[in-house]
Amino acid sequence: MALLEQIKRTNVPFKLENGEAFDIRPSNMDDAGMACFASRKLFPGEVILRVQNPVANVITTNFRKEVCAWCYFYDFGSILKFKLTTSRGRGVAWFCSETCKLSWMNQLSEPEWCAILSFEDGLARVGKANESLPEGSCLEAEIETAWENARLEGERITTSRKEKPNRMPKQATLPSLVDVDDARFLLSAVLSFYRTPDSLQQVLRMVPTLQPYSSSRITLHHHIAIYHYLLSVLPIESPILSFITPAHLMAVVTRDAGNSFGIWDQALAGQELFAYSLYPTASFFNHSCDPNVVKERSGRQYTFKASMEISPGSELNISYLGGSEKILICQERQDRLLKAWIRPHLWQNGCIRKDQSNRRHAMLRYVQTLTADLGWPPEEMARTQKNKATEYHLGLLKAKLAKYRAQLLEPTTKSSGGGTGFDVQKAGDARVCLIGFPSVGKSTLLSKMTNTVSEVAAYEFTTLTAIPGVIEYKGARIQLLDLPGIVEGASGGRGRGRQVVSTAKTSDLIVMMLDATKSSEQRRLLEIELDAVGIRLNRTKPDVVFKQKAAGGVTINATVKLTKLDEKAIKTILAGYKIHNCDVMIREDITVDELIDVLIGTRKYVPCLYVFNKIDAISLEQVDKLARQDHSMVISCEVGLNLDQLVEKIWDSIGLVKVYTKKRGQHPDLKDPICMRKGATIEDVCLGIHRSLVPNFKYALVWVCLSQSPRNGKNIECALGKIIQIFASRSESRAESHRG
């Protein structure tokens, strides 16, 4: 019988564990092969299928020492401690625990173990590269001829080994260009055929394809080389040799493409592919960009669940895209599928998500899918008891969500320049932004405190762009920015809210305007929107020094006892951001969220003043309660109550200090101070006068309460009311005499 006839698909029906949930029959889409169809109504979260052991699997060479051969546990680059070796010391498999090691060994019989040892020892011999292999695609007749010649050569190898057992065939060395992962994958399939005879029938039930050979003739010659290598290195008396035939290997090769499941890391949101496995009973779920079935992996087991309510007769689909591919737009998804999967015409003209495929929408769906797939929606996180076991998983989830939300909030296209902009040039000594819901009195406050007139009306969204004003107080010019009212969901772009809250990142102080007649829920909603774009209110930057390096691994040092996270959690989060070489110095007891903020590096820590307007409409008891809250002020713009105290509070919250300059031989200039932020140094004062003073700085004299101090360097801090005289080199005497 011809080889291609032997590997044709058989029509023997499957006997599935949960077969009453669906049946397998030809797909409704042309040339899509077989598909799964719901045999009854399925409900969200219902288990459709569970598969335990793959027929064939391999851990890629780069990850063999880091991924458990039994449960696929991955410890972010750490070499696993438990391993099996050959008598010559070559590693066979690595494991995360002794239990996994024993489980892996218990599935193997003595002939299988001997076959694996012989296979691995044979890889120690370095083979030469294949010489002048022809390129191009193969026709069916050429495939038949090549494998028939390979079969005859295989018989000669077997005969020669029996006649001369001490002589090693030349095919016992694998050519250097042959993929070792392919060889291990085919060996694992042969061992499964020997161990479980029904596994071959499971493979033959799948639809074959000659796609691996139709795209490359070299692949055909490499598979033949693997076939001859297995016949040459396995023990000649092994019963497994009878399963090493062209028909057995071709049965796997023609089903591997498009049917094997990639084993991706779970903690890094599917960014590293370290293994792939063939599960025949799970291979009939076709691809859809809008799937109704999700797959979950736990060790070697895959569980398929309905992600929505599915009516009887509906086709059950999963997504073949993993990791960051889920956020691709329509054309990018098609290009990726075209490159990696067979029968690409099935989705090139019929993508379900084609009308929805802008990147932001895809990213948002991915974030929602991520939380659903992991089983950690925010409500469940809130209900979860926090302990050492759950903190680790909660930390992983927080890191992933922070990463993808940050990508979601990044603008996908550059502005075309049309429309009214929100960018206002920063002016004065400090900037204060007014943020709040519509009609809380922001424009009225701007008009009352500055000379700027902002449109005021008795309807919402009166202000449609950023309107600046200036507060002159204690010699300082403070820019007050009236931003349009925002709505819930502003951080996601609703109501141009992303532009509004992003403008607040440039401020030195945020004044959150709240309506005293409404509930405290308004404050919580505004804090959520600002937190979503990376603005941290009334918090200081974590005292953590983080420095990436080219090599050397992760080094973590802490000067305090860490009670909210441990070293393993830190390394896990670092690996989630693909950071494998860095130095981390922690000087305070930080949380997982604070560590994530440090890694992202774009967080803005801004003081916030909560201003409750319209207090003339509530009782004195309510006013007293609001006024006693931290970082809060109560005012009434309508009747002008407490506005002077609000200006003083803004001054204190910004933390400005006044510095007076003195010219040589003259009295200090107490009418024109320089306003600096608390913590500013003499160098900052020099920059405030003229940037050319810094490279030519010699020394400065500083007076406090008219008491002369010694000469000071440019790193000394400035305090309120200090008088400073700066001395520069002669070449900059003009700049010095300009201010003092």
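Strands (E, at least two residues) and helices (H or I, at least four) are DSSP runs numbered from the N terminus, and two strands pair if DSSP finds at least two bridges between them. The structure is a predicted model, in which local features need pLDDT of at least 70 and side-chain atom pairs count only at pLDDT 80 or more, while totals for chains, interfaces and linings use all residues. Residues are numbered from 1 along each chain as its sequence is written, and side-chain values use heavy atoms, without hydrogens and water.

Four strands form an open sheet with mixed pairing, in the order E1-E2-E12-E9. Its edges are E1 (22–26) and E9 (286–287); each has a single partner strand, so one side of each lacks a neighbour in the sheet. Five bridges join E1 to E2 (residues 34–38) in the antiparallel sense, and Ile-24 has Cys-36 in E2 as its bridge partner.

A nonpolar core is a set of buried Ala, Val, Leu, Ile, Met, Phe, Trp, Tyr and Cys residues joined through side-chain atoms within 4.5 Å. The largest has 95 residues, and those touching the most other members are Ile-48, Phe-95, Trp-104, Trp-147, Phe-285, Phe-304 and Leu-316. Helix H8 (residues 217–233) gives this core its largest share, nine residues. Another core, of 58 residues, lies apart from it and includes Val-501, Leu-530, Phe-612 and Cys-675.

Buried means under 20% relative accessible area, exposed over 50%, and partly exposed in between (1.4 Å probe, protein chains only).

| Residue | Relative accessible area |
|---|---|
| Cys-433 | 0% |
| Cys-637 | 2% |

The whole structure contains zero disulfides, a disulfide being a pair of cysteine sulfur atoms within 2.5 Å.
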